[in-house]
Amino acid sequence: MVVTDEAIRSYLASHRGNGVVLALPVLYPREVLTALDLCGVEVWAHRTPPGCCTQGAGSMQPYLCPTVRGARVLLGQGFEGAIAAVIPHTCDSMQGLAAIGLDMGASAMPVVTFRHPRGGDRASAREFLQAELRAFIASIERIAGRKLTMDRLGDAIELHEGIDRAMRRVLRMRTCIALGDVELYRILRKREWMRASDFAFELRALEQMIDSAATPRKGIPLMVSGMVPEPSDFFEAVDAAGAYVAVDDYAAIGRRLPMHDTQEAEPIGRLIDRMMGAAPCPTRTSDPWSRVRYLVERARAARAPGAILHTVKFCEPELFDVPVLRRGLEEAGLKVLHIETEFEPQMSGQLVTRIEAFVEMLGGGDA
Ligand code: SF4
């Protein structure tokens with residue numbers, strides 16, 4: 001991860017509150033965890049020691065993405081005294097992991113699944129989501145040993161809505177913040193493991209750095225789309241090449257923010273609105289062209305001449321979309337570079353060179 005495991009550990013040591021919950025990517029009702037005073041810690045890029053992956057993944061297919069391989073190991077070994085693991089139905093690999101935890105007793109902690117509907121916003125999808133949310137709440141209540149009140153849930157939703165609003169603003173105004181991408185993402189990714197109230201505090205400090213009168217940032221604005229910005233020196237490579245991330249479509253960051261505030265008053269309805277309102281993602285959307293339309297609009301607004309599709313090795317949902325995204329973005333006039341990484345500690349020299357060459361090509365055009 002961008003932060004070291006040590007940073008998470010020392011934070012958790014003093015902020016455990018009523019319990020830690022291991023949360024796997026991508027979308028789950030984190031507002032419910034906040035309302036129950038649980039600290040949800042997301043694991044996207046746990047690096048497993050050599051040999052550990054093959055042991056941990058012994059009951060799974062060999063062609064698994066590193067997120068699932070790392071999570072499989074944590075599930076078996078336990079994680080910071082977590083009282084439960086939340087496994088959303090993100091993809092087939094994640095579903096397989098949930099089955100191993102639930103049916104094969106291979107988890108050191110209780111597993112709670114969360115299935116979100118595929119496809120667009122429609123009445124049947126909302127009905128399904130409502131049932132899933134109620135089942136999720138009941139499971140977590142049972143494990144935590146306390147009841148969730150709708151007042152507490154309403155307060156937690158308000159807190160997360162405020163965070164989402166601030167994150168949208170920071171991402172939109174990022175060229176007016178005197179921070180490089182490395183530092184900016186280091187702060188934004190704290191949401192993956194901090195309690196919401198602590199993260200809101202960090203975000204406020206970031207918002208205060210927005211200076212709309214600042215000189216526009218130098219370099220070529222890029223759009224980046226992928227699951228998670230790992231390895232984190234990706235940003236250093238982009239910066240060194242003379243570009244910066246102007247549009248974020250990482251599933252871990254911008255892609256799972258609801259695009260608008262909810263108008264609903266009742267807490268469960270608000271949760272549904274928030275989930276249905278998240279930006280298009282291949283783990284929830286079956287129409288890649290809706291992603292193309294969304295990304296083209298965002299790239300144009302940011303005047304980004306190019307896009308980097310940054311996929312994780314063996315990530316099926318993302319890889320399925322790559323040909324359509326490439327075609328749609330290129331037809332809209334954007335240049336596209338597709339790179340693939342695992343959770344290696346550093347970018348390879350070859351990838352750095354490809355990014356340099358891509359930015360150089362963009363610099364020779366309209367940018
Ligand atoms: S969506 Fe992709 S990266 Fe995420 S768990 Fe599934 S296969 Fe792995």
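**Exercise 1. The pair α8 and α10**

Determine how helices α8 and α10 are oriented to each other in this predicted model.

*Solution.* Step 1: the axes of α8 (residues 181-188) and α10 (residues 233-240) come within 8 Å and cross at roughly 150°. Step 2: angles over 145 degrees count as roughly antiparallel. Step 3: α8 and α10 are therefore roughly antiparallel to each other. Step 4: the handedness of the α8 and α10 crossing is right-handed. Step 5: α8 contributes Asp181, Val182 and Tyr185 to the contact, and α10 contributes Phe235, Glu236, Val238 and Asp239. Step 6: sorted by class, the contact of α8 with α10 holds 4 nonpolar, no polar and 3 charged residues.

**Exercise 2. Helix α7 and its packing against α11 and α9**

Which orientation does α7 adopt towards α11, and which towards α9?

*Solution.* Step 1: for α7 (residues 150-172) and α11 (residues 267-276), the axes come within 9 Å and cross at roughly 30°. Angles under 35 degrees count as roughly parallel, and this crossing therefore makes α7 roughly parallel to α11. Step 2: the crossing of α7 past α11 is left-handed. Step 3: on the α7 side, Met150, Leu153, Gly154 and Ile157 meet Pro267, Arg270 and Leu271 of α11. By class, the α7 contact with α11 has 5 nonpolar, 1 polar and 1 charged residues.

Step 1: α7 also packs with α9 (residues 196-207), at an angle of about 30° and with the axes 10 Å apart. That angle makes α7 roughly parallel to α9, and the crossing of α7 and α9 is left-handed. Step 5: from α7, the contact draws on Leu159, His160, Gly162, Ile163, Ala166, Met167, Arg169 and Val170; from α9, it draws on Ala196, Ser197, Phe199, Ala200, Leu203, Leu206 and Glu207. Step 6: the class count for α7 with α9 is 10 nonpolar, 3 polar and 2 charged residues.

**Exercise 3. The sheet containing β1**

*Solution.* Step 4: β1 (residues 20-23) pairs with β2 in the parallel sense over 4 bridges, and Ala23 stands opposite Glu42 in β2.

**Exercise 4. The sheet containing β7, and helix α13**

Describe the sheet that contains β7 and locate α13 relative to its strands.

*Solution.* Step 2: β6 (243-250) and β8 (335-341) are the edge strands, each pairing on one side only. Step 3: β7 (residues 306-312) and β8 are paired in the parallel sense over 7 bridges, and His310 stands opposite Ile339 in β8. Step 4: α13 lies across β5, β7 and β8, and runs at about 175° to β7.

**Exercise 5. The ligand shell**

How many residues surround the ligand, and which element gives the most to the shell?

*Solution.* Step 1: the ligand is surrounded by 15 residues, the closest being Cys65, Thr67, Cys91, Val312 and Cys315. Step 2: two or more shell residues come from each of α4 (66-77), α5 (92-103) and α13 (316-331). Step 3: α13 gives the most, with 3 residues. Step 4: the shell divides into 9 nonpolar, 4 polar and 2 charged residues.

**Exercise 6. Backbone exceptions**

Where are the cis peptide bonds joining Pro25 to Val26 and Glu230 to Pro231, and what is phi of Asp37?

*Solution.* Step 1: most residues other than glycine have a negative phi, and most peptide bonds are trans. Step 2: the bond from Pro25 to Val26 is cis, with omega near 5°; Val26 lies in the loop between β1 and α2 (30-35). Step 3: the bond joining Glu230 and Pro231 is also cis, with omega about -5°, and Pro231 is found in the loop between β5 (220-226) and α10. Step 4: Asp37, in the loop between α2 and β2, has a positive phi near 60°.

Conventions. Residues are numbered from 1 along each chain as its sequence is written. This is a predicted model: local features need pLDDT of at least 70, side-chain atom pairs count only at pLDDT 80 or more; totals for chains, interfaces and linings use all residues. Two strands pair if DSSP finds at least two bridges between them. A residue is near a molecule or strand if its C-beta atom, placed from the backbone, lies within 6 Å of it. Ala, Val, Leu, Ile, Met, Phe, Trp, Tyr, Cys and Pro count as nonpolar, Asp, Glu, Lys and Arg as charged, and the others, Gly among them, as polar. Axes are lines fitted to C-alpha atoms, for helices over the stretch in contact, and angles run from 0 to 180 degrees between N-to-C directions. Angles under 35 degrees count as roughly parallel, over 145 as roughly antiparallel, 65 to 115 as roughly perpendicular and the rest as oblique. A crossing is left-handed if the near helix is turned anticlockwise from the far one by less than a right angle, and right-handed if clockwise. Two residues are in contact if their C-beta atoms, placed from the backbone, lie within 7 Å.
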